Amino acid sequence: MEEKKYCEGCGAPLQTEDPKKIGYIPNSALEKDTLICQRCFRIKHYNEVQSIQIDENDFLQILHQVGDSNNLVIQVVDLFDIDGTFITGLPRFIGKNPFIMVANKIDLFPKSTNERKVKHWLRNYAGKHHLFPEEVFLISAEQKIGLEEIAHYVANKQAEQDIVVIGATNVGKSSLINQLIPLLKGKKEVELTTSRYPGTTLSTVSIPLSDGHHLIDTPGVVHRNRFIEWVSPDTLKLIAPRKPIKAKVFQLRGNQTLFLGGLARIDQVGNTNNSFICNFSNDINIHRTKIEKADELYKQHVGELLQPPSKEEAETLPPMTRHSFKVNTDTKKDIVISGLGWITIDGE
Ligand code: GDP
């Protein structure tokens with residue numbers, strides 16, 4: 001059997017199959033004298049971190065180590081999918097570590113968004129999960145909104161401790177770190193250190209900062225209940241909004257269905273008349289029909305009228321599962337489809 005090779009940067013066992021997984025190295029790079037994985041290569045030469053994924057169980061191992069340290073923990077969440085990207089197992093592990101929350105992708109929200117209210121909501125949400133952030137930041141890593149504030153906050157802490165950044169996959173953690181490195185005056189020449197967490201060498205990467213402390217990137221945690229973990233990269237491009245979301249309002253009479261492309265459908269059962277305010281990427285084709293015609297319409301038109309996904313991809317996706325909700329007239333209610341968007345229902 002061939003001898004197993006390890007990355008000389010982070011210690012991960014090297015593999016050539018999956019670029020998204022730990023230890024990936026292109027075949028061509030296996031011939032080199034110094035073997036480092038692609039993730040380490042990019043940090044070393046371009047000062048740039050790359051997204052990498054692990055399951056939540058493996059991630060908990062890393063968290064054990066975080067809990068034993070006194071590092072500043074930054075949890076990055078996606079404002080477009082808070083439920084799907086919030087890592088709920090944290091309180092047990094982060095213990096007394098200082099903790100802040102960074103909510104990314106504020107650029108997808110209208111300019112009129114009341115940030116104070118959003119922060120308040122996020123604090124409440126975190127509190128319900130027994131997390132009490134010292135600060136909540138609303139940012140856009142891509143549009144460079146709110147980054148200076150984080151850098152300023154972190155710089156004050158950096159003198160005392162390392163900074164550990166955690167988040168679910170696709171929240172924009174890498175984009176954020178890549179923006180923060182120059183702001184936190186990371187060294188130009190990055191010397192990779194083998195991860196300082198024993199037993200988890202295959203998972204974290206430490207980026208040395210100028211004052212001797214480190215910024216530690218952890219792999220993105222996979223949450224299987226999110227749409228983004230099921231669809232193809234092409235569909236992901238369509239369902240992840242790129243521009244501020246424009247709500248589309250559909251008036252549904254009794255016993256009508258709304259299709260969200262061919263990915264999900266919502267049936268209004270009964271004889272009420274309600275508005276369904278849809279907050280989804282503009283590239284998701286929303287289509288209204290009668291419930292009695294919905295099954296047939298899906299069979300005939302998925303991948304065409306009802307897209308994304310494409311017809312071929314639709315065949316590879318698991319069948320839809322049914323969830324029932326009863327909504328009353330007192331308050332507006334949001335039904336969230338993790339990773340896809342949400343529908344606000346005002347009515348019964
Ligand atoms: P990671 O998996 O958490 O490391 O996330 P990445 O940094 O690789 O970003 C995941 C996806 O989110 C990419 O498609 C980015 O273009 C997108 N993204 C990252 N930051 C932002 C942001 O501030 N706004 C928007 N709209 N998209 C973002």
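Which strands are included in what covers the buried residues of α1? The legends below take up this question in the first view.

This is a predicted model, in which local features need pLDDT of at least 70 and side-chain atom pairs count only at pLDDT 80 or more, while totals for chains, interfaces and linings use all residues. Residues are numbered from 1 along each chain as its sequence is written, and side-chain values use heavy atoms, with hydrogens and water left out.

**View 1. The buried side of helix α1 and its cover.** In α1, which spans residues 38-46, the residues R39, C40 and I43 are buried (under 20% relative accessible area, with a 1.4 Å probe and protein chains only). Because these residues cover an arc of only 95 degrees around the axis, taken from the directions from the helix axis to the C-beta atoms, they lie on the same side of α1. The cover over the buried residues of α1 includes β6 (205-208) and β7 (214-217), where contact means heavy atoms within 4.5 Å. Helices (H or I, at least four residues) and strands (E, at least two) are DSSP runs, numbered from the N terminus. After α1 comes N47, which has a positive phi, near 55 degrees.

**View 2. Cysteines without a disulfide.** The structure holds zero disulfides, a disulfide being a pair of cysteine sulfur atoms within 2.5 Å. For C7, the closest cysteine sulfur is that of C40, at 3.8 Å, which is too far for a bond. C7 is buried, with a relative accessible area of 4%, and C278 is also buried, at 1%.

View 3. Leaving aside neighbours within four places in sequence, the contacts of M101 include V77, F86, L122 and F137.

View 4. The strands are ordered β11-β10-β13 with antiparallel pairing, and two strands pair if DSSP finds at least two bridges between them. The edge strands, β11 (264-268) and β13 (286-290), each pair on one side only. Strand β10 (residues 256-260) is joined to β13 by five bridges, and L258 has R288 as its bridge partner in β13. Helix α9 (residues 291-301) lies across β10, β11 and β13, running at about 125 degrees to β13, where axes are lines fitted to C-alpha atoms, for helices over the stretch in contact, and angles run from 0 to 180 degrees between N-to-C directions.

Conventions:
Buried means under 20% relative accessible area, exposed over 50%, partly exposed in between (1.4 Å probe, protein chains only).
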